[in-house]
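Here is a short report on one protein chain. It starts with the terms, then moves from the whole chain to single residues.

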Amino acid sequence: NIKDAYEWVYGFEDIYTTDKHVYAIYNGKTIKENPMLGQNILVYNWDGQLVNSYKTDLYMRCIAVDEKNDIAYVIACKEESEFFLAKINL
């Protein structure tokens with residue numbers, strides 16, 4: 001039922017893996033709470049344990065990470081704007 005879809009909680013938008021970690025863009029909200037994309041980056045180790053999280057003011061769609069320099073590159077937007085490449089210091 002499409003009416004029920006407004007109560008569904010969105011999960012992950014995208015993931016990126018390195019030898020050490022799994023980085024995930026996470027929404028965690030319903031369409032009523034957040035009709036856009038995820039604003040959180042969750043970092044897991046390879047045992048599935050959450051090791052860090054970051055809250056941003058961006059709505060992110062895709063992620064790539066440079067662990068050597070502690071930088072995440074994301075394709076993002078703000079409300080009612082076009083997508084752009086953003087750099088987030090981790």
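## Terms and model

Contact means heavy atoms within 4.5 Å. By that cut-off, and leaving aside neighbours within four places in sequence, Glu67 is in contact with Thr18, Lys20, His21 and Tyr23.

The model is predicted: local features need pLDDT of at least 70, side-chain atom pairs count only at pLDDT 80 or more, and totals for chains, interfaces and linings use all residues. Residues are numbered from 1 along each chain as its sequence is written, and side-chain values use heavy atoms, with hydrogens and water left out.

## Overall layout

The protein chain has six strands and zero helices. Both come from DSSP runs, numbered from the N terminus: helices are H or I with at least four residues, strands are E with at least two. Along the sequence the pattern reads β-β-β-β-β-β. The C-alpha atoms fill a box of roughly 45 × 30 × 15 Å, taken along the principal axes.

Of the 90 residues in the chain, 33% are buried. Buried means under 20% relative accessible area, exposed means over 50%, and partly exposed lies in between (1.4 Å probe, protein chains only). Among contacts with a separation of 6 or more, 29% involve residues 24 or more positions apart.

## Surface and charge

The chain exposes about 6,100 Å², and carbon and sulfur atoms supply 50% of that area. Accessible areas come from the Shrake-Rupley method with a 1.4 Å probe; for residues, only the protein chains shown count as cover.

The chain carries 9 positive and 14 negative charges, and their mean positions are 3 Å apart. Lys and Arg count as positive, Asp and Glu as negative; His and the chain ends are not counted. Each charge is placed at NZ of Lys, CZ of Arg, CG of Asp or CD of Glu.

## The salt bridge

Side chains of opposite charge can pair when their charged atoms come close. A salt bridge here is a side-chain nitrogen of Lys or Arg within 4 Å of a carboxyl oxygen of Asp or Glu. The count by this rule is one salt bridge. Which side chains form it? Asp57 and Lys78 do, at 3.4 Å from N to O.

The pair links distant parts of the chain, 21 residues apart. Asp57 sits in strand E4 (residues 50-66), and Lys78 is in the loop between strand E5 (71-77) and strand E6 (84-89). Asp57 is exposed at 52% relative accessible area. Lys78 is partly exposed at 38%.

Glu67 lies in the loop between E4 and E5. Its relative accessible area is 23%, so Glu67 counts as partly exposed. Its C-alpha atom is 8.8 Å from that of Lys20, a residue 47 places away along the chain. The Glu67 side chain makes a polar contact with the side chain of His21 at 2.6 Å, and another with the side chain of Thr18 at 2.9 Å. A polar contact is a pair of N or O atoms within 3.5 Å; within protein, one must be able to donate a hydrogen and the other to accept it, and residues adjacent in sequence count only if both atoms are side-chain atoms.

Thr18 is in the loop between strand E1 (12-17) and strand E2 (21-26). Is Thr18 buried or exposed? Thr18 is buried, with a relative accessible area of 15%. Beyond four places in sequence, Thr18 is in contact with Tyr23, Trp46 and Glu67.

## Residues in the strands

Asn40 belongs to strand E3 (residues 38-45). Asn40 is buried at 18% relative accessible area. Not counting residues up to four places away, Asn40 touches Ala24, Ile25, Tyr26, Asn27, Tyr54, Lys55 and Met60.

Ser53 is in strand E4 and is partly exposed at 45%. Ser53 and Val65 are twelve residues apart along the chain, with 14 Å between their C-alpha atoms. Ala86, in strand E6, is buried at 12%. Leaving aside neighbours within four places, Ala86 is in contact with Leu58, Ala72, Tyr73 and Val74. Ala86 and Ala72 are 14 residues apart in sequence and 8.2 Å apart from C-alpha to C-alpha.
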